Amino acid sequence: MGRLDEAAFAAFHAGTSRALRAYVYRVVGNPSDADDIVQEAFLRMLRADVPTDDEEHLRRYLYRVASNLIVDRWRHRRHEQGEDVMPEQVSARPRYEDDAAVAKVFGELKSRDRALLWLAYVEGESHEEIASSLGVGRRGVKVMLFRARRRLRDLLQARGLLVNS
Amino acid sequence: MTEWFDLNEADEKAIGAFMSRVANLRIPDPESRIPDSAQLWCKAKLLARWDAERRAQRPLDIMQPIEIAGGLVAAGVLLYLSFLA
């Protein structure tokens with residue numbers, strides 16, 4: 001089992017940083033915070049000196065670190081502001097066709113739900129992979145993901161957006 | 001492939017369609033200020049070296065006040081003994 005050298009890290013970074021940033025940004029809703037979290041996640045992964053050069057294993061580890069950093073940030077924000085919504089969230093009724101409205105509806109979900117839905121639908125991860133990425137139990141993921149999907153469905157229903165395309 | 005708890009098929013399709021819209025949303029500032037891989041590598045190595053130095057320094061930091069206290073106690077004892085003599 002090898003360890004990551006600089007060249008391997010460069011290739012790994014090139015292959016994962018954009019997707020990781022998209023995930024983190026979509027969950028935290030702020031590009032500056034997303035950049036900080038992505039950078040910190042890579043640094044922590046390198047400093048942990050994970051004893052493998054298997055890309056999938058490292059990717060899981062990276063997402064788990066990033067998810068933990070997101071959770072830390074939620075707690076910090078909740079402590080400071082008592083809220084868990086994206087900064088750009090507004091209460092105006094959105095239109096499904098509008099990208100900004102889609103982002104706003106997604107932003108109305110709790111951060112944990114956004115993370116679960118992103119990993120499941122966008123990254124196409126299995127329950128096991130999500131559990132590994134978020135550092136939670138597999139059975140817990142099934143329940144949490146079901147609830148997240150139900151909350152999204154209720155939200156789309158409430159906004160009259162539950163249409164099949 | 002992820003297996004789901006049951007939502008009805010129509011809801012499932014709607015959620016899938018909505019999430020595919022979310023996936024394609026533009027991410028602002030694509031040229032972000034995240035350092036490139038070489039910078040990250042150097043920074044991580046630097047931080048690891050500082051950690052190692054701090055770890056190596058820690059026993060010395062702990063021992064220093066103990067040594068000073070020991071010296072003062074010894075000096076006090078010697079002074080006391082010299083008074084007795």
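Select Ser133(A) and show what it touches: Arg60(A), Tyr63(A), Arg64(A), Ser67(A), Leu119(A) and Glu125(A), leaving aside residues up to four places away in sequence. Touching, or contact, means heavy atoms within 4.5 Å. Ser133(A) sits in helix 6 of chain A, residues 127–134. Is Ser133(A) buried or exposed? Ser133(A) is buried, because its relative accessible area is 0%, and buried means under 20% (exposed is over 50%, partly exposed in between, with a 1.4 Å probe and protein chains only).

A quick word on what you're looking at: this is a predicted model, where local features need pLDDT of at least 70, side-chain atom pairs count only at pLDDT 80 or more, and totals for chains, interfaces and linings use all residues. Residues are numbered from 1 along each chain as its sequence is written, chains are lettered from A and ligands numbered from 1 in the order in which they are written, and side-chain values use heavy atoms, with hydrogens and water left out.

Next, colour chain A by secondary structure. You'll find seven helices and zero strands; helices are DSSP runs of H or I with at least four residues, strands are E runs with at least two, and both are numbered from the N terminus. Chain A has 165 residues, and 48% are buried. Among its contacts with a separation of 6 or more, 67% join residues 24 or more positions apart.

Now switch to chain B. It has two helices and zero strands, and 25% of its 85 residues are buried.

Time to go inside. Select Phe9(A), Leu20(A), Tyr23(A), Val24(A), Met45(A) and Phe18(B): of the 62 residues in the largest nonpolar core, these touch the most other members. Such a core is a set of buried Ala, Val, Leu, Ile, Met, Phe, Trp, Tyr and Cys residues joined through side-chain atoms within 4.5 Å. Zoom in on Phe9(A), whose contacts include Phe42(A), Met45(A), Leu40(B) and Trp41(B), again skipping residues up to four places away.

Points are joined across faces, edges and corners, and volume is the space filled by probe spheres set on them.

To find the largest cavity, about 40 Å³, select its lining: Tyr23(A), Ser67(A), Asn68(A), Ile70(A), Val71(A), Trp74(A), Arg112(A), Ala115(A) and Leu134(A). Helix 3 of chain A gives the largest share, five residues.

Last stop: the second largest pocket holds about 160 Å³. Of its ten lining residues, Tyr25(A), Arg26(A), Ala100(A), Ala103(A) and Arg26(B) are closest to the centre. Helix 4 of chain A gives the most to this lining, four residues.

Key. 1 Å grid on protein atoms, 1.4 Å probe; cavity = no way out; pocket = protein on both sides within 12 Å on 5 of 7 lines; lining within 4 Å.
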